[in-house]
Amino acid sequence: MKRLLVLTVVLLAASCAPGPKITPSLATPGKTFDCPFPYPQTKSRFIHAIEVRRGTQAKTAVIGVTLVDPASRSISCALMSAEGMALFEASASPAGLEIGRALPPLDKEGFARNMIDDIEMIFLAPRSASVQKGTLADGAPVCRYRTDDGLLDTVRAGDGTIRLMKYTKNGVLSRSVTLAGGMSDPYAAIELHAPGVFHFSLIMTLIEAGRPDDESLPQDKDAGGVNEKPH
Amino acid sequence: MHRYAAAIKTFIFFAVAGLLWAAAAQADDFVTLRRDAARISTISADFVQHKHMKILARPLVSEGKFYFAAPDSIRWEYSRPLKSIVLSSGGNTRRYMVSGGKVIEDTSGGAQAMGVVLTEVAAWMKGHFDANPSFTASIKEGADTIVTMTPAGKNMAGMIEKIEITLSRKEPSIKTVRIVESATAETRIDFSNVVINRRIDPSLFQDAP
């Protein structure tokens with residue numbers, strides 16, 4: 001019984017760890033670096049082929065369209081089948097979320113909010129201007145942002161890829177994103193992994209990228225927009 | 001799932017029905033159309049699909065091939081930008097996608113919905129185009145024949161406003177299937193190289209690719 005209690009305490013302590021430990025860059029003089037900043041700095045449109053996987057097994061594929069405006073932090077997105085059927089359309093700005101279309105099973109509660117949050121994580125710079133720089137245990141430079149939901153780590157990995165790691169306030173990894181193209185072409189190939197009970201992965205391959213017209217994005221005149229590149 | 005199935009059904013149905021109508025392009029009414037469509041044993045065609053949405057600056061263009069063999073075999077294949085194949089034959093429907101360079105079966109719920117869809121499409125192949133209670137159909141004659149389908153019930157409310165099928169009266173070929181989803185969204189499918197009643201290898205309806 002005592003052992004079980006100790007084990008439970010250890011597991012709870014581990015699950016509440018505030019993300020992986022980082023060594024502050026101040027502790028390693030001469031090793032300063034710029035934070036990875038793959039995010040578009042003007043209004044941009046991306047069209048991706050998206051493969052949906054559960055575990056290692058591919059389940060289905062759709063086409064995703066994403067529009068982002070970093071100045072107003074506005075997002076519009078759509079999912080369509082290969083046949084061209086629009087399955088899901090939504091837009092979001094700091095003023096709120098609007099769902100234009102959601103066919104089953106994409107009409108489930110929370111789907112739209114989670115999708116917009118994932119898009120924001122991938123395509124918009126962190127809101128927080130406060131960043132802690134350091135290195136991970138493997139030596140990779142990391143920039144850690146405190147967010148409303150927990151932590152966001154942006155990592156420039158040794159292989160040139162960029163990794164975005166999102167942790168809950170309890171320190172549990174909730175999303176992991178790899179931008180395989182690194183800084184040169186960050187959105188050419190994106191892998192998003194969502195661990196947990198309903199674990200899934202999205203393998204996104206860029207079909208087309210460009211700049212949208214102004215009418216495609218939700219307007220939010222009150223949005224201040226925090227999009228300063230941390231140095 | 002029902003609305004998703006209904007929507008996909010509508011897309012595929014009008015593409016298929018459009019091709020059948022194309023083969024009977026001289027028809028002036030649905031009775032003649034039904035009689036002429038009954039003579040069709042196979043169809044093959046290339047298609048280019050233009051998807052218009054407000055979120056897209058310019059249409060998203062998809063390409064592929066379509067095959068039909070009476071009484072109920074269908075192969076609906078997209079080659080780009082997203083490779084996808086739907087096979088339906090003898091009441092058995094499968095959807096395939098490409099993953100890691102390999103063609104694998106799509107096991108999502110959408111594929112199951114497609115099975116329901118194509119079973120119904122196959123039933124319509126018998127030529128009862130104007131018997132679909134979900135739509136009101138009308139034919140307008142001119143330089144081209146334009147068949148307009150308008151949703152009759154609430155099932156398609158908010159999903160489909162109307163479908164226009166433009167047929168050439170000069171030759172047995174369809175020009176366009178235009179599916180209007182809203183004021184800012186529509187899908188246009190242009191067919192080319194339509195071949196009627198030429199033998200199609202049965203394996204095309206059994207195997208992907």
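Author: Let us begin with a definition: a residue is buried if 20 or more other C-beta atoms lie within 10 Å of its own, exposed if 12 or fewer, and partly exposed in between, with C-beta atoms placed from the backbone. This is a predicted model, in which local features need pLDDT of at least 70 and side-chain atom pairs count only at pLDDT 80 or more, while totals for chains, interfaces and linings use all residues. Residues are numbered from 1 along each chain as its sequence is written, and chains are lettered from A and ligands numbered from 1 in the order in which they are written.

Reader: Thanks! Is B:Asn193 buried or exposed?

Author: B:Asn193 is exposed, because 10 other C-beta atoms lie within 10 Å. B:Asn193 sits in strand β11 (residues 185-196) of chain B; helices (H or I, at least four residues) and strands (E, at least two) are DSSP runs, numbered from the N terminus. Its phi is near 50 degrees, a positive value in a residue other than glycine.

Reader: And in chain A, which residue has a positive phi although it is not a glycine?

Author: Look at A:Arg73, where phi is about 55 degrees. You will find A:Arg73 in the loop between β3 and β4 of chain A. A:Arg73 counts as buried, because it has 20 C-beta neighbours inside 10 Å.

Reader: How should I read a helix such as α2 of chain A?

Author: Start with the general idea: an α-helix has 3.6 residues a turn, so residues three or four places apart point the same way. The expected span is 1.5 Å times one less than the number of residues. For the 13 residues of α2(A) (residues 111-123) that gives 18 Å, and the end C-alpha atoms are 18 Å apart, which agrees.

Reader: Which residues of α2(A) are buried?

Author: They are A:Ala112, A:Met115, A:Ile119, A:Ile122 and A:Phe123. Seen down the helix axis, these buried residues fall within an arc of 100 degrees, so they line one face of α2(A). The arc is that of the directions from the helix axis to the C-beta atoms.

Reader: What is a nonpolar core, and which residues have the most contacts inside the largest one?

Author: A nonpolar core is a set of buried Ala, Val, Leu, Ile, Met, Phe, Trp, Tyr and Cys residues joined through C-beta atoms within 7 Å. The largest one here has 77 residues, and A:Cys77, A:Ala78, A:Met80, A:Ala86 and A:Leu87 have the most contacts inside it. Strand β3 (residues 57-69) of chain A contributes the largest share of this core, seven residues.

Reader: What does A:Met80 touch?

Author: Two residues are in contact if their C-beta atoms, placed from the backbone, lie within 7 Å. Not counting residues up to four places away in sequence, A:Met80 touches A:Val62, A:Ile63, A:Met85, A:Ala86, A:Leu87 and B:Lys51.

Reader: How many residues of each chain are in contact with the other chain?

Author: In chain A, 28 residues are in contact with 30 residues of chain B. The strand β3(A) gives the most to the side of chain A that touches chain B, with seven residues.

Reader: Where can I see a cis peptide bond?

Author: One joins B:Ala70 and B:Pro71, with omega about 10 degrees. B:Pro71 lies in the loop between β2 (60-69) and β3 (73-80) of chain B. The bond from B:Arg80 to B:Pro81 is also cis, with omega near 0 degrees.
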